[in-house]
Amino acid sequence: MKAIAITAAAQANGNVDALQEIEIEKPVAHGHDLLVQVNAISVNPVDTKVRAGFNADTPRILGWDAVGVVADVGDGVTLFKPGDTVWYAGALTRPGSNSEYQLVDERIVALKPGSLDNAAAAALPLTAITAWEMLFDRLGVNENGNEGDVLLIVGAAGGVGSIMTQLARKLTKMTVIGTASRPASQQWVTDLGAHHVIDHSKLLTEELARIGIQHVTHVASLNNTEEHYQQLIEALIPQGKLALIDDPETLDARPLKAKSISLHWEFMFTRSMFETQDIIEQHRLLTRVASLIDDGVIKTTLGEHFGAINAENLRKAHRLLESHRAVGKIVLEGF
């Protein structure tokens, strides 16, 4: 079968030329595995980070978001059958979705939203899981609750921010503030439902004051946490909550002490990586998100469709992501 992988011969110090088309054997499903024929994928920052840090002799197939059709099932599968159209974000420790067929654990998979085509659906799983877990599991926000609280989403125009903005606005009573630095991305965040949009290229505390907000109760920092860290501490109320997903070189937690601010990390691969007892929560979460989409509560965050799944288009997608100018998600479809 066809796949796009990082090969040792073409590694090229982690640049996009390391992505090469290869031929490999089709995998076989065992246990909880589904063998999925991949129809559409999206590209995430984690793809570029893994590619840039790759250093091994064995080819590495990237890609996590996927929509496809179940071709076969392992002997332990109970949730799906061949012919089901599914969506998922995969596992960091297994070969990815940049291939014609992929094995994925049924417990982190759900049926695709019926109202979306494959490309629009492929934009969502990884960011939806990350946003949901960060908002409800890490920050402890309650559905239909938190009236009077204020959520600041730093990097609201990106993939995770685009979903979190919708979830927070539609499923909670919080005031939602998103950050974006360009007119196009600011309009995107506004259209997704944020009550306010501020510019993270300026001092966040000054931008909050500009819109009449003195303090926030919750912060979801999705990028450049180091750059904004002191401002976020200043903006948070005593006993506020700060969550992040990016990878600061260092993060000194001591300045959080005076305000008793709690610090939370979100990493959506934790459940699959450690096969936690609640791993099936990602199946349930994606099933819920599919219902919210089909009911018209939230919408896809598809930004650009880059065409077929091949090495050239994947390189193009990686370059755009690394420019930090992507709005919404980049999707590829069909081999």
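Ala168 is buried, with a relative accessible area of 0%. The model is predicted. Ala168 lies in helix 4, which spans residues 159–171. Beyond its neighbours within four places in sequence, Ala168 is in contact with Leu135, Leu151 and Val176. Trp132 is 36 residues away from Ala168 along the chain. The C-alpha atoms of these two residues are separated by 9.3 Å.

Trp132 also belongs to a contact between two helices. These are helix 3 (residues 125–138) and helix 9 (residues 281–294). Their axes come within 10 Å and cross at roughly 105°. An angle from 65 to 115 degrees counts as roughly perpendicular, so helix 3 and helix 9 are roughly perpendicular to each other. Helix 3 contributes Pro125, Ala128, Ile129, Trp132 and Glu133. Helix 9 contributes Gln282, Leu285, Leu286, Arg288, Val289 and Leu292. By class, the contact of helix 3 with helix 9 has eight nonpolar residues, one polar and two charged.

Strand 1 (residues 2–6) runs antiparallel to strand 2, and five bridges join the two. Within this pairing, Ala5 has Gln20 in strand 2 as its bridge partner.

How values were computed:
Residues are numbered from 1 along each chain as its sequence is written. This is a predicted model: local features need pLDDT of at least 70, side-chain atom pairs count only at pLDDT 80 or more; totals for chains, interfaces and linings use all residues. Side-chain values use heavy atoms; hydrogens and water are left out. Two strands pair if DSSP finds at least two bridges between them. Helices (H or I, at least four residues) and strands (E, at least two) are DSSP runs, numbered from the N terminus. Axes are lines fitted to C-alpha atoms, for helices over the stretch in contact, and angles run from 0 to 180 degrees between N-to-C directions. Angles under 35 degrees count as roughly parallel, over 145 as roughly antiparallel, 65 to 115 as roughly perpendicular and the rest as oblique. Contact means heavy atoms within 4.5 Å. Ala, Val, Leu, Ile, Met, Phe, Trp, Tyr, Cys and Pro count as nonpolar, Asp, Glu, Lys and Arg as charged, and the others, Gly among them, as polar. Buried means under 20% relative accessible area, exposed over 50%, partly exposed in between (1.4 Å probe, protein chains only).
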